[in-house]
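Here's a quick look at one structure, taken a piece at a time. Have the viewer open and follow along.

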Amino acid sequence: MKKLITVVSVFIGTLAFSQASEAKIREFIKVTEADKVAISSMQTYMEQFKKNAPSIPDAFWKEFAAEFTAEKMVELYVPIYAKYYTESDIDELIKFYKSPVGRKTISVMPAILQESMEAGGKLGREVAERVMEKMDKEEGHVSPPPPSSSKKK
């Protein structure tokens with residue numbers, strides 16, 4: 001009987017810890033606005049997909065967007081955050097993101113990410129061009145010219 005009580009106590013304690021962690025993770029997600037960022041990103045990607053697939057009706061995209069709610073994103077994120085962070089980590093993260101520098105981090109992060117992606121893309125193109133030129137010289141072959149913007153008639 002004592003073993004059963006011990007096992008049940010450990011199970012209940014573990015369950016309570018998990019619930020506390022989940023509540024704190026939910027708070028962390030709310031504080032960092034990760035759910036809103038996810039929805040915004042999804043909308044951006046959806047607009048890109050719409051441009052690339054103009055034959056797909058608007059009704060599809062409306063229904064598709066309706067499936068991505070902030071709550072669904074939170075449900076998706078909770079186990080991921082729980083996998084990598086302890087409850088103590090989450091407490092410290094919440095404390096940071098509630099601080100003035102944490103709030104600033106949240107507000108400037110989209111611009112930092114956008115500029116970083118643009119700078120990385122530019123660097124990637126420049127490196128690719130240099131590598132191709134180097135390979136062309138070393139191997140003695142010439143890369144095909146870039147596609148012409150006007151078609152011959």
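## Helix H4

In this predicted model, helix H4 has five names on its buried list: Met 73, Val 74, Tyr 77, Val 78 and Tyr 81. The helix covers residues 70-84, 15 residues in total. From its first C-alpha to its last it reaches 21 Å, close to the 21 Å you'd expect at 1.5 Å a residue.

## Ser 21 in helix H1

Over to H1, where Ser 21 is found. Is Ser 21 buried or exposed? Ser 21 counts as buried because its relative accessible area is 13%, under the 20% cut-off. What does its side chain pair up with? The side chain of Ser 21 makes a polar contact with the side chain of Glu 87, at 3.4 Å.

## Thr 32 in helix H1

Thr 32 also has its place in H1, a helix that runs over residues 2-32. With a relative accessible area of 13%, Thr 32 is buried.

Its side chain reaches back to the backbone oxygen of Ile 29, at 3.3 Å. Which residues does Thr 32 touch if you leave aside its neighbours within four places in sequence? Those contacts are Tyr 97 and Ile 106.

Conventions
Residues numbered from 1 in each chain as written. Predicted model: local features only at pLDDT ≥ 70, side-chain atom pairs only at ≥ 80, totals over all residues. Heavy atoms only, no water. Helix = DSSP H or I, 4+ residues; strand = E, 2+ residues; numbered from the N terminus. Buried < 20%, exposed > 50% of the residue type's maximum accessible area, 1.4 Å probe, protein only. Polar contact = N/O pair within 3.5 Å; in protein donor to acceptor, adjacent residues only side chain to side chain. Contact = heavy atoms within 4.5 Å. Expected span 1.5 Å × (residues − 1).
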